[in-house]
Amino acid sequence: MNIIPHSKPTVGKEESLRVVNVIESAQLAQGPVVQKFEQDFARKTCAGYAAAVTSGTAALHLTLLALGVGPEDEVIIPSYVCTALLNAVHYVGATPVLADIDPDTYNLDPVDVSKHLTGQTRAVIVPHLFGLAAEMQDFRSLGVPIIEDCAQAVGGTYREKPVGAHGEAAIYSFYATKVMTTGEGGMVASDSKGLIDRVKELREYDNVDKYKIRYNYKMTDIQAAMGLSQLARLNSFIENRRAIAEKYRQAFQSLDIKLPFHTSEHIYYRYVVGLKTDPEQLIRRLAGRGITCARPVHHPLHFYQGLKDCPQTEKVWRQSLSIPIYPSLRENEMKRVIAAFKDVYKGGNL
Ligand SMILES: *Cc1c(COP(=O)(O)O)cnc(C)c1O
């Protein structure tokens, strides 16, 4: 029985050829290919400027620094997200403030965010979780800088304009299993030339006359070559994801589960279903049939902090399951997922 992984990159000949070209050119580190990737990426996401870095985490770190966020400042982030956000806020010495989510969309709840605003709030990081754009209009009216976390939503739109084009800055991740990949990698994009210039200055340590702490967060031309090829395929990736999501919707709509909040702009980075029960048993039984499912978020951040309660986050975390969805998921694999899920779930009677 071959195992269907929970997520998998979609890479092939196109990526190989471009990467080999870079290797044969012997210009391996950050150079002209990174520059081209930044330009093409900025154009695709309707941003004025972009700076490539080593990861989404590095992108968050440098964006916070470039916005001048530091000790004494507070940054609002959701509890229902990966620890990368918590780490980045700690890197700059600021205080992370956790807010709750909207249980229908899984995105940050702007009303709960507004309750956590203080005189120290210097930024809000708004992820477009699982590929569904957050209601940017509501966040923009809060009056603090918004960093859009587009790590799971690159290529998607909000009100017909690309995600990432609605806040002060946007960050992206090109980790192996994200929407598009460079193995590891990230990007900061913004309409502010000043902000992107500061990010570019901070990502490298060499050739400076005046010392200040800088980092080594440069992307290589090898990675950027892969990124260019993935960027060219991004629209087709998203079409594939939406087609699979539609098949899942048709197959699962008669079951007693909560399907993802559907909008025509959702790119379905994850296909998350809401159960009536804890997902652990379902995860084990599907694994027994070679199908790898997972909790979409490993641990809510407020669990680590043991401080503030986020009731919606907790409820969603207890009952959510993410099932395989990626452009390289073949038709017969998708059918196996559907058949196994229906069989194992049987209307919630586990
Ligand atoms: C993956 C991810 C990150 C971190 O990106 P890395 O490249 O793994 O550092 C940040 N935010 C969200 C929402 C992510 O999904």
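Tutor: The space that the ligand takes up is the largest pocket. A pocket here is an open set of points on a 1 Å grid over the protein atoms alone, with protein on both sides within 12 Å along at least five of seven lines; a molecule sits in it if more than half of its atoms lie within 2 Å of its grid points. This is a predicted model, in which local features need pLDDT of at least 70 and side-chain atom pairs count only at pLDDT 80 or more, while totals for chains, interfaces and linings use all residues. Residues are numbered from 1 along each chain as its sequence is written, and side-chain values use heavy atoms, with hydrogens and water left out.

The shell around the ligand consists of Ser55, Gly56, Thr57, Cys82, Ala84, Leu85, Asp149, Ala151, Gln152, Ser173, Lys178 and Gly185, where a residue is near a molecule if one of its heavy atoms lies within 4 Å of it. Four of these shell residues are nonpolar, six polar and two charged; in this classification Gly counts as polar, and Ala and Cys as nonpolar. Helix 3 (56-66) and helix 4 (84-91) each contribute at least two residues to the shell; helices are DSSP runs of H or I with at least four residues, strands are runs of E with at least two, and both are numbered from the N terminus.

A side-chain N or O atom of Thr57 is 2.6 Å from an oxygen atom of the ligand. For Gly56 a backbone N or O atom lies 2.7 Å from a ligand oxygen atom. The side chain of Gln152 has an N or O atom 2.9 Å from an oxygen atom of the ligand. The protein covers 89% of the 380 Å² of accessible area that the ligand has on its own, by the Shrake-Rupley method with a 1.4 Å probe.

Glu184 lies in the loop between strand 8 (169-173) and strand 9 (186-190). Glu184 is partly exposed because its relative accessible area is 42%, and the class runs between buried (under 20%) and exposed (over 50%).

In another loop, between strand 3 (95-99) and helix 5 (110-115), lies Asp100, which is buried at 5% relative accessible area.

Definitions and conventions
A polar contact is a pair of N or O atoms within 3.5 Å; within protein, one must be able to donate a hydrogen and the other to accept it, and residues adjacent in sequence count only if both atoms are side-chain atoms. On a 1 Å grid over the protein atoms alone, a cavity is a set of points where a 1.4 Å probe fits but cannot get out, and a pocket is an open set with protein on both sides within 12 Å along at least five of seven lines; lining residues have an atom within 4 Å of a point. Buried means under 20% relative accessible area, exposed over 50%, partly exposed in between (1.4 Å probe, protein chains only).
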